Amino acid sequence: MISRSSLISRLDSPRVLGYLLIAPAAIILLGLLAYPLVLGVWLSLTSATLGKAGEFVGLQNYATILADPIFRGAAAYSVFYTVCSEVGKLVLGLALALVLNQQFRGYRAARALMLLPWVAPTVLSALAWLWLLDPQFSALSWLLVQLHLVHSNVDFLGHPWPARFSLIVVNIWRGLPYFAIGYLAGLQSISKDLYEAAAIDGADGWQAFRRITWPLLAPITTILVAFSSIFTLTDFQLIWTITRGGPTDATQVFTTLAYQRAISGGQLGEGAAIAISPIVFMVVLAFFVVRSVREK
Amino acid sequence: MKHLDRREFLATSAAGIGAAALTGAFPSLASAADASPFKPEKDAKLELLRWSGFVKADDTIWAENTKKFTAATGVPVQIQSLNWPDVTPKAALAAQVGSGPDIVMGWNDDPFVYPDKLVDMTDVVENLGKAHGGWYDNARSYCFDQDVKRWVALPVGVTGNALNYRKSWAREAGFNEFPKDLDGMLKMARGMKKNGHPTGFALGHAVGDANSWTHWILWAFGGKQANPDNSIAINSPETNGALQYGKALYETMIDGVSGWTDASNNQAFLAGKIGLTMNGISIWYVAKEQFPAIFPDCANAIPPYGPVKTHTIANNFTSAYVFKYSKYPNAAKDYLRFMLDQAQAGPWVTGMLGYVTPALKGYADLPIWTQDPNITPYRDVMQGAKYDGYNGKPGKAAAQALDEFVLVDMFADVCVNNMAPKDAMRKAETRLNTIYKRA
């Protein structure tokens, strides 16, 4: 039996006390974060179907999905969707932040309004976009017709490439405020002295942006892009609400295909393998986030 | 003919049913209410998960009938209604975790995905079948699991699919009556399109509307997803014929059908953008209730024959099943028996203007079906109706193929992506082979 004094002396050790203090947080993290992930990985290695535990099948589910052209298409579009969306959000988010960094009449209201797409429930905004992209009743088409830019309604969702790009536009619209607000915070942390010094040295606006603003925004860019890429790569609601992966599986991504196979089709093992497969990309992105945070 | 409004329908048909039952005019609808062999467990309470009604009267009358059950048995029933495509995943999760609603009113071959988790419903099926003139063949296809060899669900009926069209635009195209065969329908569709009134059939991942018309056309030409031994049969001259027809029909359609959801054809039809589509009677019901300007011009027709010369209709089949984890399986069976008995189901079907066509043959005698010629096609949708995965074995594989839109995408590949029919058939065949081997 450990005596009271011995217990106190052990607790005095920073090593023991340290582990003890982080134990509750570690248990919560393991329970809430690691368990679902481990379960997902385990399911992907089994022949589990809805209601049946299945047997261990090794990497068979991964071999099956790699041979499946629909999965390969979904993987390709997931990456394309993520890359295009991130580029769009980065460029437009930065531009928006540069504008909102100025003090003009109503700039506070403009900053608040900018957040609307991000705070609105995703399903609600997806439904609104479904109407905006409707082949018959689209307000966007109506506007384009009124402006004489097109002769008839645009079929945004009926063909593979227009549907793919339409979803990217919707994703950019939704994620833009995240970049804009992040960049705005970054811009406001840059000392004005630097710009004054550059102006004294004869730097024009573009030079000041290239030599001062952009380098100082680089750390926050890494964090914004990495986090946003993880959200985008695992996007489900927008795509499921607007196209359900159609037409002809042209807009399937990892998440929609995993849902279709595992929940609707009952193939839990295969669905889990599809859902787990983007983890490679996410680990790389997480690595960049952690490294960037440490550097900062 | 005079069109009755909803109140008149309810009043006249309910009175008719009551009188008929009292005088024995409909022996096939003889009440089985007093002879329930299912005795609810002590302190039983039930939770039902079902799809929310497409027509208002569905939810209202179902809830009223449920109250009657509670009053008669003391068993409270909590009803949770969901948008119809959301019932399938919710029920699947309940099956997986072993907890959730006692009863699910779900769709098509969902029960075949987890038959081991479901209570044997054979006794209820036999009880109701005996009392109401037996079941249509389709009921067995969707509710009797051939692997576990028992009824895993109680057939309820179908939200039937008929053709909805504008009479004046059909007349302008030279058709005073709806054509009886597919060639005639195509001629009519071409005429309508020429006059500025295109047709519209969903070709996106619309769970109900895209599957219904593509399956109908495939079967009408003799095409089959699988053979009775579940070998894949999609790559055939018959499927080729169906795809060629689909492509010709697609040329008469409004732009954008390949991006349509289940709501799109209803909206386009009611807005006067299209003159012909396929849907449940809800489209006509909504026109009646909310679009008086176009309602007199709206009509419904039974889908015409193709080269096989028989009805080949694809309906959305709904059935009720009870999970084994339920503590009150007898109460659940008694509830379902009660709800499908004549005193409840008669007014339910009548109030919905036939939105659900019961799978019990006796209900074809309800007066509602002949109150208006536009309702009659929905009585007949069960005649010759086929099932997902026809002519293969109903079950998991067929369910998965439907969930993955394999046949819809085959049609879309030909119509929208300009793929040659032989390539589209081969692509579908490859996918089906994978699904059927895996299941």
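Helix α13 of chain A, residues 254-264, is mostly covered, with ten of its eleven residues buried. Here a residue is buried if 20 or more other C-beta atoms, placed from the backbone, lie within 10 Å of its own; helices are DSSP runs of H or I with at least four residues, numbered from the N terminus. This is a predicted model, in which local features need pLDDT of at least 70, side-chain atom pairs count only at pLDDT 80 or more, and totals for chains, interfaces and linings use all residues. Residues are numbered from 1 along each chain as its sequence is written, and chains are lettered from A in the order in which they are written.

Among the buried residues of α13(A) are F254(A), L257(A), R261(A) and I263(A). Their cover includes α4, α12 and α14 of chain A, together with α3 and α16 of chain B. Just after the helix, G266(A) takes a positive phi of about 80 degrees.

I turn to the contact between the chains. It takes 25 residues from chain A and 31 residues from chain B, where contact means C-beta atoms, placed from the backbone, within 7 Å. On the side of chain A that touches chain B, α13(A) gives the most, with three residues. That side divides into eight nonpolar, 14 polar and three charged residues; Ala, Val, Leu, Ile, Met, Phe, Trp, Tyr, Cys and Pro count as nonpolar, Asp, Glu, Lys and Arg as charged, and the others, Gly among them, as polar.

Finally, chain B is assigned domain 1 (6-159 + 316-381) and domain 2 (162-314 + 404-438), with bounds from an automatic or database assignment. Their C-alpha centres lie 29 Å apart. The contact between them takes 14 residues from domain 1 of chain B and 13 residues from domain 2 of chain B.

Conventions. Buried ≥ 20, exposed ≤ 12 C-beta atoms within 10 Å, placed from the backbone. Helix = DSSP H or I, 4+ residues; strand = E, 2+ residues; numbered from the N terminus. Contact = placed C-beta atoms within 7 Å.
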